[in-house]
Amino acid sequence: MSSALHPDGKLNPADTIANPSSHETIRDLIETRLFTRRTFIKGSLGATALATVGGSLLSCVANDASAHKYKGDHKPVDQQPDIGFTPVAPNVIPMTDAVTVPAGYTARVLVSWGDSLTKAPHWDPSTPMDEATQVRCYGGHTDGMHYFAFPFTGHGALASKRGLLVTNSEYVDPALLSGVAPAADYAKVAITPEMVKAQQAGHGVNVVEIYQEKKQDWEVRRNSPFNRRITGNTPIVVSGPAAGHAMLRTEADNKGRLVLGTLNNCANGYTPWGTYLTCEENFNGYFGSVDASFVPTAHENRYGLSRAGFGYRWHEADPRFELSANRNEPNRFGWVVEVDPWDPKSKPIKRTALGRFKHESAAISVDADERVALYMGDDERNEYVYKFVCARRYNKRNQHANRDMLDNGTLYVAKFNADGSGTWLPLIWGQNGLTTENGFADQAEVLIKARQAGDRLGATMMDRPEWASVHPSTGEVYLTLTNNSRRGNTPVSSNKADGTTTAATANPVVDAANPRPDNDYGHIIRWREDGDTVTATSFVWDIFVQCGDKATTKALAGSYTNAEFDGQNVGYQGNINGDDYGAPDGLWFDKHGRLWIQTDQPGDAKGDWANIGGNMMLCADPTTGETRRFLTAPPHAEVTGLIGTPDGKTMFVGIQHPGEDWATSFTDHSTWPDNGANGPTTYRGRGVAKPRSSVIVITKDDGGVIGT
């Protein structure tokens, strides 16, 4: 999300990079990191805990995988995952306007923004998009996704040949969608209800049946009864503790139980009972006010609401997004939404028990006792990591009995301690200062104000928590921390306990879990629940990798403190064992234990990214840390969303906003995918009209498993 439409703390792209430097292996660094913590084996951990973690989290992954009894996706991995491909080169200037994958692999376009999901015609990208066309066509900037194999095909070959691909459409480029050029003119044109409705229709979720006939390419089944769009105006049920609460009621919905639409659908999750979870992230940017006297409340400031918004200007034509008239409407966004892909007539459900914040993903883990937890990040600088533990056990014999699992349970926020231990702090009304006197009238208000609740409990401020993924055998949770330009900045400040801090404005000190000031390149953290049960309220953690550019000579700016945690001096070079990358975002474990990492940086191969190149997807061995670059994206494109078929022989990957940040012409930076670089598309016009977000399908030429 590198556009101004989604402020995300990207750093100065004008900085230059040069000169290589040596670095330790990742295993050396992580082992050092674990044993230089002053009290790692003292206090609450003790000798028993040290025996449990085997001296380091890495040794658990390597040596104790078969001992874990995680259910669902968590199946034992018999050996270290095989990574057998030759890495591709970084996409540096002059950039290649294509998706590049290793020799022996092929990447083809499967579906693109504007492709019809019915028998009606595809959208013509040379024309502006309208609502009627968009509601029957694949949505805008594609993001998180999951593949649901048809249930009657079992786990054999047929399950990997036909399924439902469910994907998020996170946001749209208003000028691109509406056909306004140059881009700056969008701020000047008259905004009409028709323009806003078309943009809202580009958001949400896509449910698409796909199939592969014998050895032919994958295709969209356009006449499938399962195909549907869930948009920014689709009726969505509100459930859980906050349903019906006064803060969710509006003039149009005086019961507070039915919201129109889901917006800014970023990453995702999926449940063992067969439903899809879509996560609402930067919802605040769609709201604004034409009232010059409008002043945000402390609650609105805490979620980044402002009179100007992100520049969509919806509030000028749709009263629902006018803040001065609808102060409660923003409270109806920022939730995890559950979708049943198998029932096209079902209404999606906003599950309020999971808390309201800028949800990035919702990774589910089911332990040996059939207890269920979701791990979630709040994607903004200085925000928190959350866990929700369902009150009931998963019932694998009666899937229908699991359908309201996400309405009852306990929401926790994480505290990462300097000694390598951690604590899950419960967000329960009446406890730990979450009281009426401190601004929380009831449990529903704790959930609606989840950020303020985390402030009150003193949760650890993190460097933009994004995607989480659970190791398929150990149950360890990995989470990307994309970057934070405010970490270690001066003057030092923290999120205030009274919840009055404006979003992303604090300057937190460097700490154990976020060990670098001016964290340009981000890092990946991981933890393991005590007792290997998701109901644990304590855990042990370490940092899997600090990303960076081994060739950079960039120095810390004067506004940052020079101190790094415990004398660690990784700096901007990072400690990657293999191919360099930064701004880790998308994260997914395949069933063999390979960790796939996607990046979200400007994508222009300039400044801090001159050596690293544009955005990419990499594959890492969680045992050794070895990392190889598997895919590079077109210019100004983000790589986001991935999933594989059950047999591991097909992978689906999202390429979002190719050619973004254009100024004069829609194709200033990219003509992908309609340039044909990755196979044919549905576009039949002369000359490429607009770049389009797309899902690609990757296969190995010899028919083997992806990654080997």
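This is a predicted model: local features need pLDDT of at least 70, side-chain atom pairs count only at pLDDT 80 or more; totals for chains, interfaces and linings use all residues.
Trainee: What is the mean pLDDT of the protein chain?
Mentor: The mean is 90, and 88% of the residues reach 70 or more, where pLDDT is the predictor's confidence in each residue, from 0 to 100. Over residues 9–78, however, pLDDT stays under 50.

Trainee: How many helices and strands are there?
Mentor: The protein chain has nine helices and 31 strands, taken as DSSP runs numbered from the N terminus, with helices being H or I of at least four residues and strands being E of at least two.

Trainee: Which strands form the open sheet?
Mentor: Four strands form it in the order β1-β31-β30-β29, with antiparallel pairing; two strands pair if DSSP finds at least two bridges between them. β1 (105–112) and β29 (638–644) stand at the edges with a single partner strand each, so one side of each is left without a neighbour in the sheet. Between β29 and β30 (residues 650–656) there are five bridges, and Glu638 stands opposite Gln656 in β30.

Trainee: Switching topic, is strand β20 buried or exposed?
Mentor: Six of the six residues of β20 (residues 465–470) are buried, so the strand is largely enclosed by the rest of the structure. Buried means under 20% relative accessible area, exposed over 50%, and partly exposed in between, using a 1.4 Å probe and protein chains only. β20 pairs with β21 (residues 477–481) in the antiparallel sense over four bridges, and Pro465 stands opposite Leu481 in β21.

Trainee: How many salt bridges does the structure hold?
Mentor: There are 39, a salt bridge being a side-chain nitrogen of Lys or Arg within 4 Å of a carboxyl oxygen of Asp or Glu. In one of them, Arg302 meets Asp455, with the closest N and O atoms 2.7 Å apart. That pair links distant parts of the chain, since Arg302 lies in helix α7 (residues 298–302) and Asp455 in helix α9 (residues 450–457), 153 residues apart.

Trainee: And are Arg302 and Asp455 buried or exposed?
Mentor: Both Arg302 and Asp455 are buried. Salt bridges that share partners also join Arg302, Lys358, Asp378, Glu380, Glu383, Arg451 and Asp455 into one network.

Note on methods. Residues are numbered from 1 along each chain as its sequence is written. Side-chain values use heavy atoms; hydrogens and water are left out. Contact means heavy atoms within 4.5 Å.
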